[in-house]
Amino acid sequence: MDLILSPMCFLIVTLVGFLIRSFGCVSAAEWPFDVTSLTAPDGSITAKFVSFGSTLTEVWVPDKDGNMRDVIIGYDDNTKLLTDPTHPVFNPVTGRYSGRIKNGTFSIPITKYPQEDGPNVYHTALNDHDGSRQQTIHGGLYGWDRRNWTIVEKTSTSVTYTHFDPADEGFPGNVTVFARHSVANHSLLHSDVWAYATERTPIMVTQHIYWNLDAYQDNSTDILNHHLRIESDKVIDIDGDSIPTGNFIDVEDDPVFDFRDGHLIGENWNATKDLCGTGCYGFDHSWVYTGANTSAFSGENEVKTSLWSNLSGIRLDISTDQPNVHVFSAYWLGLLMQPRKVVHGGPLLNYTESGAVALELMGYLDAINTPEWGIDQIYNSERTYSWSTTYAFSVV
């Protein structure tokens, strides 16, 4: 499967890539699957990225015994980020618009229902739902996660990538996006994304990272024994196609969604049947952080989501400036027949159902088709998009 680039985008990426490689940042033969390894000065964390999709490929942190574990799933062969037909979206920056877009259409100004075709009505590439391709998800067939990004700055502890999006996948206007990833002492991983649009267009990104804090060791093959805490009293209500209805679920009324005090992901597992699709167990839902979209929400990085495993002793605390966390418990992972990384016991063994959990820090799901929420996700030359998240690891 070939990556589709417009002639202008190809020229720009080729020229910038040549200049960057001329200064010795990456190898021409390896780009865009070149690996950049970042290690904190105290050795407490190592994170590895590739230019393709600005994708995180490994995160090594110490467990309770001081042994380093790679706590994200993925590939040993990073070229599969492009060639794998199942495309599970292993750990990239997704965009231009993450999550789902109902019917792959939207208007500017936004409307509740699809409008007749016109100059302000847009149709994006359909690549979801359940194989029927009724919606757009994560930016389309070739979203930012399946595009070539280029390194613009690199040190031993940070790397910054850029990508130019020339109105790909049916979105209006050009967007230039930057993603900066860094590590720091005390097992800190931090990512910032900022994007500049030439005209009005929706933008919403996330890092689609699949976590397994046991790293498939100690006979652990799923994340049901992980504890999850989310500072949220409501969840976005969705229909059978995982599209928002415009309503919210109060976690007080449905305890299966109540993670405010933190408990095992698998604690109410049987009650989650069909929540993420017919026959599916688990979650594919967005929790709205307490106080989001109100004056009480500071918009600054505060710990709002925590994940930990008593088996490995690894704890992850996530602070973000985003109003939502989308939890995808990856029930269907076991059906994809994805070989595990060697460090996870592969390649003869596969990743299993609910073998990881994606915690996607982002804005409100499909707010561009839900005007009753009053959420503005339209950006332009005078309004810059930004996203910031910190992942802090410790031992319980």
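**Cores, sheet and ring pairs in a predicted model**

Modeller: Within the largest nonpolar core, which has 57 residues, W211, Y391 and F393 have the most contacts. This is a predicted model, in which local features need pLDDT of at least 70 and side-chain atom pairs count only at pLDDT 80 or more, while totals for chains, interfaces and linings use all residues. Residues are numbered from 1 along each chain as its sequence is written, and side-chain values use heavy atoms, with hydrogens and water left out.

Biologist: What makes a set of residues a nonpolar core?

Modeller: The members must be buried Ala, Val, Leu, Ile, Met, Phe, Trp, Tyr or Cys residues, joined through side-chain atoms within 4.5 Å. In soluble globular proteins, nonpolar side chains tend to be buried together.

Biologist: Which residues is F393 in contact with, leaving aside neighbours within four places in sequence?

Modeller: Contact means heavy atoms within 4.5 Å, and on that basis F393 is in contact with I45, V59, V61, V71, H186, S187, W211, I314, R315 and L316.

Biologist: Why does H285 count as buried rather than exposed?

Modeller: Buried means under 20% relative accessible area, exposed over 50%, and partly exposed in between (1.4 Å probe, protein chains only). The relative accessibility of H285 is 4%, so H285 counts as buried. H285 is found in strand β21 (residues 284-289), where a strand is a DSSP run of E with at least two residues, numbered from the N terminus. Residues touched by H285, not counting those up to four places away in sequence, include V235, I238, F257 and L275.

Biologist: How far does the backbone oxygen of L275 lie from a polar atom of the H285 side chain?

Modeller: The distance is 3.5 Å, and a polar contact is a pair of N or O atoms within 3.5 Å; within protein, one must be able to donate a hydrogen and the other to accept it, and residues adjacent in sequence count only if both atoms are side-chain atoms.

Biologist: How do you know that β17 and β20 are joined?

Modeller: Two strands pair if DSSP finds at least two bridges between them. Two bridges join β17 (residues 227-230) to β20, and these strands run antiparallel; L228 stands opposite H263 in β20. Strand β17 is also joined to β22 by four antiparallel bridges, with T305 in β22 as the bridge partner of I230.

Biologist: What makes β10 and β20 edge strands?

Modeller: Nine strands form an open, antiparallel sheet in the order β10-β11-β12-β13-β27-β23-β22-β17-β20, and β10 (150-154) and β20 (263-264) each pair on one side only.

Biologist: Why is the pair of F178 and W194 called stacked?

Modeller: Rings of Phe, Tyr and Trp (its six-membered ring) pair if their centres lie within 6.5 Å, and planes under 30 degrees apart count as stacked, over 60 as edge-to-face and the rest as tilted. A search of the whole structure finds 22 aromatic pairs; F178 and W194 have ring centres 5.8 Å apart and planes at 15 degrees, so the pair is stacked. F178 is in strand β12 (residues 174-184) and W194 in strand β13 (residues 188-197), 16 residues apart. At 21% relative accessibility F178 counts as partly exposed, and W194, at 24%, is partly exposed.
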